[in-house]
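Hi there,

Here is the structure I said I would pass on.

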Amino acid sequence: MDGLTDSGHGHFNTKHKWRTEFSGCNYVVKNDTVANHMRVVSLSSFLLRFNYRSTHHLTSNGFYEFLNWFDERAWYPLGRIVGGTVYPGLMVTAGLIHYVLNLLHMTVHIRDVCVFLAPIFSGLTAISTFLLTRELWNQGAGLLAACFIAIVPGYISRSVAGSFDNEGIAIFALQFTYYLWVKSVKTGSVFWTIGCCLSYFYMVSAWGGYVFIINLIPLHVFVLLLMQRYSRRVYIAYSTFYIVGLVLSMQIPFVGFQPIRTSEHMAAAGVFALLQAYAFLQYLKDRLTKQEFQTLFFLGVSLAAGVVFLTVIYLTYTGKFSLSLMRYLCPPPRYAKIHIPIIASVSEHQPTTWVSFFFDLHILVCTFPAGLWFCIKNINDERVFVALYAISAVYFAGVMVRLMLTLTPVVCMLSAIAFSSVFEHYLGDDQKKDSPPTEDSSDEDDKRNSGNLIVTMLMLMLLMMFAVHCTWVTSNAYSSPSVVLASYNHDGSRNILDDFREAYYWLRQNTDEHARVMSWWDYGYQIAGMANRTTLVDNNTWNNSHIALVGKAMSSNESAAYQIMQSLDVDYVLIIFGGVIGYSGDDINKFLWMVRIAEGEHPKDIRESDYFTPQGEFRVDKAGSPTLLNCLMYKMSYYRFGEMQLDFRTPPGFDRTRNAEIGNKDIKFKHLEEAFTSEHWLVRIYKVKNEGSSRTSSFLRKARS
Amino acid sequence: MLLPLGQMMDWASKRSVIRMNGEKFRRFVKAPPRNYSVVVMFTALQPQRQCGVCKQADEEYQILANSWRYSSAFTNKIFFASVDFDEGSDIFHMLNMNSAPTFMHFPSKGKPKRADTYELQVRGFAAEQISRWIADRTDINVRVIRPPNYAGPLMLGFLLAVVGSLVYLRRNNLEFLYNKNAWAFAALCFVLIMTSGQMWNHIRGPPYAHKNPNTGQVSYIHGSSQAQFVAETHIVLLFNSAVTFGMVLLHEAATSDMDIGKRKIMCIAGIGLVVLFFSWLLSIFRAKYHGYPYSFLMN
């Protein structure tokens with residue numbers, strides 16, 4: 001008895017200490033990454049520039065201005081309705097924190113709030129993972145789970161300081177919603193369910209991945225029904241959740257009426273109807289005799305099934321249904337590759353190799369199936385939920401690398417359960433059954449204890465390896481902002497290539513405020529954010545034909561491209577060229593995607609086969625196809641490059657990225673002139689000469705002669 | 001005697017791909033004037049020619065021609081024909097053609113140009129690609145409609161019927177559905193299969209292993225971290241399941257009521273499995289991810 005209370009008390013203390021310890025520990029890990037790069041705390045990748053710009057707009061102009069914001073500096077000349085095409089949760093959260101802090105007279109700049117938002121929320125994620133796992137298993141497992149999710153690379157990749165993106169707050173919302181759902185199924189109280197709905201509302205405002213929640217929870221209820229685990233708690237929880245959650249989710253302008261129209265949300269509605277029918281039948285069962293009930297039951301079920309079936313057929317036939325996301329996730333994803341090249345060209349949408357699993361999850365990926373085994377062997381209502389979560393998440397993570405993020409929380413939870421079950425029995429004294437003490441019990445005890453000790457030591461070593469791995473991965477792979485490139489010289493010193501920021505700053509200082517810049521869509525948000533100029537296409541990629549037009553301009557010869565640029569009022573063209581330093585993410589390497597996207601819309605003018613040699617190779621040297629050697633992108637990339645000799649061993653005009661000497665060295669422009677090339681030739685900006693000036697110059701020449 | 005156009009239409013109404021011999025070819029395709037263009041597939045379908053590609057290309061060509069024949073935009077401006085080597089070898093000589101299959105477009109006016117020969121090596125013989133080439137050459141868009149494949153739904157229906165009847169027959173003894181071990185095992189199998197990268201294999205179709213042509217050495221593990229072999233995924237699957245099994249054994253050793261000796265063995269086996277296979281996995285990971293500095297027990 002004494003022993004029990006003691007350990008209970010000790011546990012209580014440990015809980016508090018550990019709770020602060022890992023919110024602190026992951027904060028330390030994440031801040032480490034901040035200290036790694038320069039104090040010019042920069043927002044790392046492209047998309048974040050847009051998020052930051054919107055938040056800035058929100059804090060300067062107020063909430064309603066933000067909701068109604070029409071951005072005419074993006075997607076020139078179309079503009080973009082930001083309020084209706086973005087998930088506002090992230091901006092509103094940052095704006096709210098900024099407002100509250102400033103109200104308390106702690107003057108914090110909005111940029112600092114944005115940069116540090118993700119680590120703060122990942123601390124909150126650790127706490128909600130603890131709560132969720134505690135509901136599922138016990139407190140020890142909860143602590144381990146929170147520990148794991150604090151340092152696991154799969155989650156850190158999206159929540160470093162400076163990563164101001166939806167996923168940073170969305171995973172917190174996801175875990176918290178799941179915790180409240182599990183709590184409401186366990187208790188059957190409306191209070192917890194309403195809490196779950198509010199958390200779900202926050203999730204809907206934060207990320208498009210809310211579709212996962214609205215499909216997983218109905219699946220959970222459905223499986224519970226199949227397993228004959230129906231109870232009043234489930235009925236109360238789900239009915240309340242569905243209705244209130246539905247109404248709340250439709251308050252977000254971007255979501256609008258989708259929850260009652262698209263097929264992704266229909267599962268939830270179907271399960272709702274089914275649950276009502278089932279509950280009604282249970283109610284009748286208590287009041288009718290067995291015979292009457294059986295006939296009624298069969299009649300009712302067949303009628304209901306028939307009605308649902310006919311409704312689905314009718315709605316699909318009349319086109320009220322639309323399949324949007326599902327077709328990309330259910331195999332074959334070949335559909336996207338053939339029909340929508342933009343989707344296929346994003347590297348994050350590729351399937352996952354086992355190396356990615358291991359890289360992001362290390363030992364957790366080997367041990368979480370054991371946790372799943374334990375869960376299923378000791379099944380109850382909430383463990384059904386986590387089993388379904390694991391199975392669906394692992395399927396989606398296998399299909400798309402980006403969805404590894406949704407797998408990470410459940411992997412942390414299940415491996416925590418596995419490790420906790422093992423540690424429970426091997427750590428400390430075993431006060432359980434065992435054989436009655438024998439004569440040489442002390443000898444037995446020693447052996448047993450040493451055996452336990454060895455097992456515990458080995459397990460701890462494995463976990464230490466995990467921690468070391470996470471630190472290494474975070475510092476090497478997920479730390480550097482992609483705006484600033486770093487390369488290492490022979491002597492190990494670091495060479496910083498700051499070309500991007502140099503070029504954007506040049507644009508900002510040396511061009512007219514209303515100048516329009518044409519570039520490929522990858523750089524749209526960065527140009528809009530850092531150079532503050534109007535762009536034609538950006539990372540939102542909502543308008544495929546506009547992007548195809550830009551692609552067509554890049555792939556055509558100079559005169560055809562000039563016509564397109566005139567029609568779009570382009571003043572400057574910006575390209576990325578990596579041939580001097582060997583940077584492989586430049587525009588010539590992306591060029592084929594530009595051609596494919598352009599060909600999709602203008603098949604008569606652009607043909608992908610024209611850019612290949614007769615043997616089917618893509619070459620930039622003399623053997624390359626003449627269409628390629630004369631297109632605008634080629635000319636802009638290699639202008640004056642033919643005179644440049646990088647190394648005495650290679651001829652002038654040797655492209656380091658393609659490892660070839662370029663074919664067309666004598667490049668002259670008729671309608672463009674070079675405006676700026678950055679230090680390592682990474683970013684090149686060209687000015688479009690407008691018709692007036694060329695006419696004037698020829699007139700002047702005539703006048704002089 | 002019917003005019004050439006009428007004769008062609010008559011044949012086209014009987015079969016979508018008109019089979020021609022040398023005589024027909026000279027009269028209807030080569031001889032001017034014509035107010036229709038013809039797409040001709042030169043092939044060698046006889047078994048003794050052993051041209052596997054010809055058969056596959058022939059199927060695609062049939063789909064293309066059928067789509068055209070039954071489409072709403074059908075006109076008599078274009079016809080699809082085929083010439084087999086054994087029936088029209090003189091045509092092959094005349095056109096200096098020595099490979100099959102070849103697709104050529106004979107426009108209604110003028111001689112066929114270089115672009116009127118379809119680049120099979122570059123573009124492949126999928127019906128959609130041939131249709132795009134035709135659209136390039138003639139401005140006629142043939143919308144390729146593949147006949148719906150009923151094999152899938154039929155199999156599914158059959159499977160459901162079999163399962164339904166089995167369940168019905170055993171309806172008094174459905175205890176096997178409540179067997180937790182079975183469900184847990186099935187879930188575990190699925191999860192292990194997914195985390196070893198089988199979806200990547202399904203989508204990208206990599207080879208089983210790679211045999212170095214110079215040294216003859218077979219490597220089961222791909223050198224870079226961007227790709228993987230099928231053999232490699234099986235190895236990883238095995239290792240993952242070994243580690244999982246080890247953890248389960250550890251737990252069983254501590255909680256089951258067998259005698260102490262057996263439990264000790266289970267415990268040792270469990271921890272041994274976990275440590276050994278995890279180190280192995282780590283070493284494979286190191287081999288693929290160059291620059292990874294950590295290892296455990298083995299290199």
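Predicted model: local features only at pLDDT ≥ 70, side-chain atom pairs only at ≥ 80, totals over all residues.

Residues are numbered from 1 along each chain as its sequence is written, chains are lettered from A and ligands numbered from 1 in the order written, and side-chain values use heavy atoms, without hydrogens and water.

Helix α8 covers residues 166-187 of chain A and helix α20 residues 381-399 of chain A; they pack at about 150 degrees, with axes 9 Å apart. That makes α8(A) roughly antiparallel to α20(A) (angles over 145 degrees, on a scale from 0 to 180).

Which residues of α20(A) meet α8(A)? They are Asp381(A), Glu382(A), Phe385(A) and Tyr389(A), and their partners in α8(A) include Tyr178(A), Trp181(A) and Lys186(A) (contact means heavy atoms within 4.5 Å).

UniProt, in an unreviewed entry, lists "domain: STT3/PglB/AglB core" at residues 517-573 of chain A. That span is 53% helix and 11% strand, with its end C-alpha atoms 6 Å apart.

For chain B, the unreviewed UniProt entry lists "transmembrane region" at several spans, including residues 235-253 and 265-285. Residues 235-253 of chain B are 100% helix, with end C-alpha atoms 27 Å apart. Residues 265-285 of chain B are also 100% helix, and their end C-alpha atoms lie 30 Å apart.

Best wishes

Note on methods:
Helix = DSSP H or I, 4+ residues; strand = E, 2+ residues; numbered from the N terminus. Parallel < 35°, antiparallel > 145°, perpendicular 65-115°, else oblique. UniProt positions renumbered as here; feature names shortened; annotations may be inferred.
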